[in-house]
Amino acid sequence: MPDVKHFDPDRVLDEVVELFWRRGASSTGVGEVVAVTGLSRSSLYSTFGGKQELYLAALRRYVDRRSRPVLDALASDDRGLPVIAEFFDRLVQARCAGPQARWGCMVSNAHADTVVDADVRRVLDDHHERLRSSMRSALESARSRGQLRPGLHVDPTAEALALLAYGVNLRSRAGAPAADLRATVTALLETLSAEIPVKEK
């Protein structure tokens with residue numbers, strides 16, 4: 001007779017996302033996963049596979065549920081520099097306050113992990129391209145509105161903003177004050193602006 005699952009795999013995966021997000025893949029053992037979920041090793045393995053498969057499923061869920069909606073909203077908003085400023089303001093707020101304060105970003109944490117296999121690398125590369133593309137779309141809107149300084153190259157600037165987002169995530173995890181992170185973001189965005197306010201009043 002096949003084994004009947006007496007648990008909700010979606011709920012378990014949400015719990016595992018938070019564990020890997022907070023602890024990191026390399027620092028999290030299967031025993032910790034068992035303790036957090038309350039499941040046996042055999043139930044975990046039969047449902048999700050080994051630790052690496054479980055981590056990959058958790059990382060994909062984080063990207064789908066947390067990252068993608070934010071980046072889609074950034075790409076579709078045509079206000080230009082104000083929406084980029086709002087993106088970073090909310091990022092700093094999320095990373096420095098609330099229930100996941102100082103956890104960083106699961107994607108950024110994965111970039112910094114000591115072991116990244118090919119499947120995880122594909123998720124990270126796809127996420128980076130989406131982040132960069134969303135920044136590029138916002139910058140194109142800013143350029144169409146005359147918000148960017150003359151001569152600014154959009155593609156490398158989009159890459160720089162993507163790297164800034166990773167930096168905010170990692171520095172917040174290390175304990176950097178929110179005020180310092182906001183000051184850094186403001187200074188960089190001011191270098192892009194054609195002398196108009198970055199934030200809407």
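Glu15 has a relative accessible area of 25% and is classed as partly exposed, a term for values between buried (under 20%) and exposed (over 50%), with a 1.4 Å probe and protein chains only. Glu15 forms a salt bridge with Arg11, their closest N and O atoms being 2.6 Å apart; a salt bridge is a side-chain nitrogen of Lys or Arg within 4 Å of a carboxyl oxygen of Asp or Glu. Arg11 is also partly exposed, at 36%. Helices are DSSP runs (H or I, at least four residues), numbered from the N terminus.

By this rule there are 16 salt bridges. Another of them joins Asp10 and Arg61, with closest N and O atoms 3.7 Å apart. This pair links distant parts of the chain, as Asp10 lies in helix 1 (residues 9–23) and Arg61 in helix 4, 51 residues apart. Asp10 is partly exposed at 44%, whereas Arg61 is buried at 12%.

## Basis of the model

The model is predicted: local features need pLDDT of at least 70 and side-chain atom pairs pLDDT 80 or more, while totals for chains, interfaces and linings use all residues. Residues are numbered from 1 along each chain as its sequence is written, and side-chain values use heavy atoms, without hydrogens and water.

## Nonpolar cores

A nonpolar core is a set of buried Ala, Val, Leu, Ile, Met, Phe, Trp, Tyr and Cys residues joined through side-chain atoms within 4.5 Å. The largest has 31 residues, and Phe87 and Phe88 are among those with the most contacts inside it. Helix 5 (81–96) is one of the elements that supply at least two residues, and its 9 residues are the largest share of this core.

Beyond its neighbours within four places in sequence, Phe88 is in contact (heavy atoms within 4.5 Å) with residues including Met135, Leu161 and Val185. Apart from this core lies another, of 28 residues, among them Val16 and Cys105.

## The largest pocket

A pocket is an open set of points on a 1 Å grid over the protein atoms alone, with protein on both sides within 12 Å along at least five of seven lines; lining residues have an atom within 4 Å of a point. The largest pocket is lined by 28 residues, and Arg66, Val70, Phe87, Leu91 and Arg95 lie nearest its centre. Helix 4, helix 5, helix 7 and helix 8 each give two or more residues to this lining.

Terms used: On a 1 Å grid over the protein atoms alone, a cavity is a set of points where a 1.4 Å probe fits but cannot get out, and a pocket is an open set with protein on both sides within 12 Å along at least five of seven lines; lining residues have an atom within 4 Å of a point.
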